[in-house]
Amino acid sequence: ETWVRKALHDAEKKLRFSFVGGLKTDRCTELARAWVLDFARSHFTSKNESLVIFTDCCPSRAAYIPLGDYDQTLNHELNWWNPKLNISVQTISQLMQSNQRSEWLNLLSTLDPWPTALPAFAKIAQSQYLRFDQNYFDILASSALVLTPAGDAPWSRRFFEAIMSCAIPIVQLPEHAGRTEDELTLGYLYYIFDPKFPTDHYKYRQDWANHNHRLFIRHNTLLYDADFYHDTNYTCPTSSW
């Protein structure tokens with residue numbers, strides 16, 4: 001089952017705005033995402049309409065003061081996941097020098113047929129590097145609009161994850177809407193944050209969501225020729241936001 005199918009398995013736009021991710025994971029991220037706080041304070045309302053979770057909040061989280069009832073950073077039941085904090089350089093280095101890696105490479109060289117029981121290295125790669133966070137994608141799929149700030153690079157994969165989940169991205173700058181010049185000129189539709197704009201400026205548009213989703217499938221996945229995507233009747237959910 002593809003990540004796209006998993007992300008959209010129960011898509012219903014219950015939330016107007018959301019952001020789930022790191023805020024101060026490193027200095028670059030902190031600088032690039034400062035506007036997220038301004039946006040949330042200005043436009044996020046109750047927990048029934050908005051959601052923010054900062055996944056890199058202080059380890060004890062004892063000193064953290066939530067922005068409002070929509071801020072679920074301290075909600076331990078949500079079991080959030082931060083790949084940068086869970087997959088460190090040291091972890092990758094140790095894994096790549098381990099015996100398990102040699103076993104995996106040996107298996108790949110003689111792979112016929114594909115094994116039903118994956119060796120240790122493959123299990124780690126599958127659970128960590130290729131991890132599909134269902135809780136995270138459920139939030140994206142239930143959100144009409146998603147804040148997609150840059151991180152430690154001028155773009156964030158959250159921009160594409162939001163589009164994959166039929167949400168409208170909100171970025172700080174146009175150059176945050178892709179990794180390359182080619183992607184920046186594909187024609188993705190999104191909002192650019194401007195502190196002068198009222199909340200009602202940021203509306204969910206199903207036509208934008210459909211347009212973005214089809215562009216994403218065609219240009220950012222290998223699924224365009226798959227049978228599921230020959231069904232041109234597929235549309236993103238509607239929303240009252």
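**View 1. The open sheet, strand by strand.** Five strands line up in the order β2-β1-β3-β4-β5 as an open sheet with parallel pairing; two strands pair if DSSP finds at least two bridges between them. β2 and β5 (191-192) sit at the edges with a single partner strand each, so one side of each has no neighbour in the sheet. This is a predicted model: local features need pLDDT of at least 70, side-chain atom pairs count only at pLDDT 80 or more, and totals for chains, interfaces and linings use all residues. Residues are numbered from 1 along each chain as its sequence is written, and side-chain values use heavy atoms, with hydrogens and water left out. In total the protein has 11 helices and five strands, where helices (H or I, at least four residues) and strands (E, at least two) are DSSP runs numbered from the N terminus.

**View 2. Zooming in on β2 and its partner β1.** Five bridges hold the β1 and β2 pairing, which runs in the parallel sense. Phe 17 has Ser 50 of β2 as its bridge partner, and Ser 18 stands opposite Leu 51. Which residues of β2 point which way? Ser 50, Val 52 and Phe 54 go one way, Leu 51 and Ile 53 the other, and all are buried. Buried means under 20% relative accessible area, exposed over 50%, and partly exposed in between (1.4 Å probe, protein chains only).

**View 3. Helix α3 and what covers it.** The buried residues of α3 (residues 34-43) are Trp 35, Val 36, Leu 37, Phe 39, Ala 40 and His 43. Their cover includes β1 (15-21), α2 (27-32), β2 (50-54), β3 (143-147) and β4 (168-171). Contact here means heavy atoms within 4.5 Å. As a reminder on helices, an α-helix has 3.6 residues a turn, so residues three or four places apart point the same way.

View 4. Why does Ala 162 count as buried? Because its relative accessibility is 0%. Leaving out residues up to four places away in sequence, Ala 162 touches Leu 140, Val 146, Thr 148 and Ala 167.

**View 5. The disulfide.** There is one disulfide in the structure, a disulfide being a pair of cysteine sulfur atoms within 2.5 Å. Cys 166 and Cys 236 form it, with their sulfur atoms 2.1 Å apart. Cys 166 lies in the loop between α9 and β4 and Cys 236 in the segment after α11 (206-219), so the pair ties together parts that are 70 residues apart in sequence. At -65 degrees about the S-S bond, the link of Cys 166 and Cys 236 is left-handed. Both Cys 166 and Cys 236 are buried. Cys 28, on the other hand, counts as partly exposed, because its relative accessibility is 46%.

**View 6. Gln 72 in its loop.** Gln 72 sits in the loop between β2 and α4 (83-86). With 19% relative accessibility, Gln 72 counts as buried. Its side chain reaches the backbone oxygen of Asp 69 at 2.9 Å.

Note on methods: A polar contact is a pair of N or O atoms within 3.5 Å; within protein, one must be able to donate a hydrogen and the other to accept it, and residues adjacent in sequence count only if both atoms are side-chain atoms.
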